[in-house]
Amino acid sequence: MKIIDKMKQINQRNEARAYFNKNNSYRFSIKDYIITFLITLLIGVAGLILILNVADTLGINFSFFYILLGYAAAKGVVKYKGNGGDNLAATNGAFGLFLGMILGYGLYLGTIISSFVGTVNYFDLSLYVQGFQYLFSASLFQTVFSLLGIFTAYYMIRNN
């Protein structure tokens with residue numbers, strides 16, 4: 001009886017190991033983490049510049065677009081990697097989106113200033129400090145939606 005039980009346990013372990021290896025065969029490398037960061041960074045910059053341009057053109061701010069921006073960044077990462085993520089990839093993607101939002105606002109602000117003044121130093125840190133302040137102190141509503149956008153990116157990268 002004990003030999004039969006041990007054989008069943010061994011078979012169950014082998015089946016579980018085969019199932020785990022079949023569903024988790026892809027592992028992230030350093031290159032994949034860098035590409036994940038760059039995808040979310042570029043989508044964050046381009047998306048926030050687009051959001052700010054629409055808001056300035058129409059004269060109203062659509063805070064819901066921050067959630068769509070997080071969704072777009074996560075879709076870009078999921079399309080690149082093609083399967084379920086891990087915590088580090090999701091954190092990397094969310095941080096890339098966060099920095100992309102700050103850089104996007106800094107670049108947009110520099111473009112607006114350069115249209116009035118002439119030339120702007122895009123390496124000036126004060127542009128990006130104002131981008132950080134814009135995301136987290138413009139209004140509570142905007143702050144909540146930008147954090148929801150970052151959380152959306154994290155959650156979708158993690159669970160897809």
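Modeller: Buried means under 20% relative accessible area, exposed means over 50%, and partly exposed lies in between, with a 1.4 Å probe and protein chains only. This is a predicted model, in which local features need pLDDT of at least 70 and side-chain atom pairs count only at pLDDT 80 or more, while totals for chains, interfaces and linings use all residues. Residues are numbered from 1 along each chain as its sequence is written, and side-chain values use heavy atoms, with hydrogens and water left out.

Biologist: Is Leu-109 buried or exposed?

Modeller: Leu-109 lies in helix 4 (residues 87–117), where helices are DSSP runs (H or I) of at least four residues, numbered from the N terminus. Leu-109 touches Leu-127 and Gln-130, not counting residues up to four places away in sequence, contact being heavy atoms within 4.5 Å. Because its relative accessible area is 15%, Leu-109 is buried.

Biologist: Are helix 3 and helix 6 roughly parallel or roughly antiparallel?

Modeller: The axes of helix 3 (residues 65–81) and helix 6 (residues 140–159) come within 7 Å and cross at roughly 15°; axes are lines fitted to C-alpha atoms over the stretch in contact, and angles run from 0 to 180 degrees between N-to-C directions. Angles under 35 degrees count as roughly parallel, over 145 as roughly antiparallel, 65 to 115 as roughly perpendicular and the rest as oblique. Therefore helix 3 and helix 6 are roughly parallel.

Biologist: Which residues have the most contacts inside the largest nonpolar core?

Modeller: A nonpolar core is a set of buried Ala, Val, Leu, Ile, Met, Phe, Trp, Tyr and Cys residues joined through side-chain atoms within 4.5 Å. The largest one has 22 residues, and those with the most contacts inside it are Tyr-66, Leu-97 and Met-101.

Definitions and conventions: Helix = DSSP H or I, 4+ residues; strand = E, 2+ residues; numbered from the N terminus.
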